[in-house]
Amino acid sequence: MLAELPILILDFIDASGSLGSMQIRMKSGTTAAAAQAAAAVLRAHLAPLSGAVIVQESIRFSFVASPNPTPSGATLMPHMGAFIFNCADADTYAMLAIPAFKSEYVETTGAGAGVLIDQTNSDVSNAITTIIDSIACNPFGSDIVSIAATYLQWR
Amino acid sequence: MSRYTLPSDWADSPCYVVSIHSALIPIIIGQLRLLEARGSWIDQTNYQRGYNAVLEFEACVMAACLNDMLDIQRATYRMLDTAIYGTAYTIESTDPLVVSPEIPAARDLAFSDQDSVLGRLDRVNKLVDNSVNGTSNDLYSASPSVKDLLQSIIDAMSSETTDLDSILSQLETVVLLLG
């Protein structure tokens, strides 16, 4: 993966409710902390120049595959592998959905044939373990701790 | 687009079991992605509550609930099979749970262990039959039976040479046999 220049995105909203945005590219090698500090300074000087209000600030670090890879296999984008995780806080969950999920990882026997994802498959179990051991969390900051269910969803 | 709210006591409401063809699950459940988005909920509190409620439901659809119910049913069958018929089950592995022998589609009345419910009833039946009727079986073969002793008493009392001590002894034996 090749690193692209980090981008600061400022989203504006005007009195009519219309949305707009501006993007500022940052120097190569800028860290997340440096980008956030720079964004605060930029925002402070740019906001007074607009009659719209800044409602959201995003910093995006992008990496692109090079050369462009050729998609393989017959699975389509909506054919997603849904991985539902239990999180650290009681009764909280996280959803990770893998697009164009390969059918070879779906169970072929039993009541869940064609729907359930085979958690005994080493590729699947390794992916689950990696996600649990990572810094991933749910939208509310609760750590992912264990797998609850995995099956196909058309999303 | 309408935005939703979710009551804080939603988890206290009763559950309904819904049957759904497995082929429809990916399509129908996949539509719930709309409820996983912040924009579907009226505010952050309802979003957090709704997101977790929806994901709990999505997890329950294919995995935990039905499997737990089936496991409990199978465990109940094995418990009754062991108690009534004396069938011995062995846990081959715990994760996944594998127990042998497999639960059959149908079974007969033959029991495997004399200490089972049917086994104990069988023992009582054979004891009574041997004690009272004198029928010999695989568990009991005592002799003479209650009927034999009573007949002896009747015969003795009918004869001219009645031995009261002998009759009394036989009556005592009848009492012992009857418990």
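Modeller: Let me begin with a term we will need: a salt bridge is a side-chain nitrogen of Lys or Arg within 4 Å of a carboxyl oxygen of Asp or Glu. Please also keep in mind that this is a predicted model.

Colleague: OK, what is the N to O distance in the salt bridge of B:Lys126 and B:Asp122?

Modeller: The side chains of B:Lys126 and B:Asp122 meet at 3.1 Å, N to O. Because these residues are four apart in helix α4 of chain B, about one helical turn separates them.

Colleague: And are B:Lys126 and B:Asp122 buried or exposed?

Modeller: Both B:Lys126 and B:Asp122 are buried.

Colleague: Switching topic, how many salt bridges cross the interface of chain B and chain A?

Modeller: The rule finds two across that interface. In one, B:Glu36 meets A:Arg155 at 2.6 Å, N to O, and A:Arg155 also forms a salt bridge with B:Glu58, where the closest N and O atoms are 3.9 Å apart. B:Glu58 lies in helix α2 of chain B and A:Arg155 in the segment after β8 of chain A, so this pair joins two chains. B:Glu58 counts as buried because its relative accessibility is 0%.

Colleague: How much area is buried between chain B and chain A?

Modeller: About 1700 Å² is buried between them, and carbon and sulfur atoms give 67% of that area. B:Pro26, B:Asn52 and B:Met62 supply 30% of what chain B buries against chain A, more than any other three residues. In terms of contacts, 21 residues of chain B touch 20 residues of chain A, and the rule finds seven residue pairs in polar contact across the interface, both at pLDDT 80 or more. Helix α2 of chain B gives the largest share of the side that touches chain A, with eleven residues.

Colleague: Last one, which residues form the nonpolar patch on the surface?

Modeller: A:Trp154, B:Ile20, B:Leu24, B:Ile27 and B:Ile28 form it, with about 410 Å² of accessible area together. Among them, B:Ile27 is placed in helix α1 of chain B and counts as partly exposed, at 44% relative accessibility.

Notes: Residues numbered from 1 in each chain as written. Chains lettered and ligands numbered in written order. Predicted model: local features only at pLDDT ≥ 70, side-chain atom pairs only at ≥ 80, totals over all residues. Heavy atoms only, no water. Patch = residues over 30% accessible without salt bridge, like charges linked within 9 Å, V, L, I, M, F, W, Y side chains within 5 Å. Areas by Shrake-Rupley, 256 points an atom, 1.4 Å probe, with all protein chains shown as cover. Buried < 20%, exposed > 50% of the residue type's maximum accessible area, 1.4 Å probe, protein only. Contact = heavy atoms within 4.5 Å. Buried area = accessible area lost by both parts, 1.4 Å probe. Polar contact = N/O pair within 3.5 Å; in protein donor to acceptor, adjacent residues only side chain to side chain.
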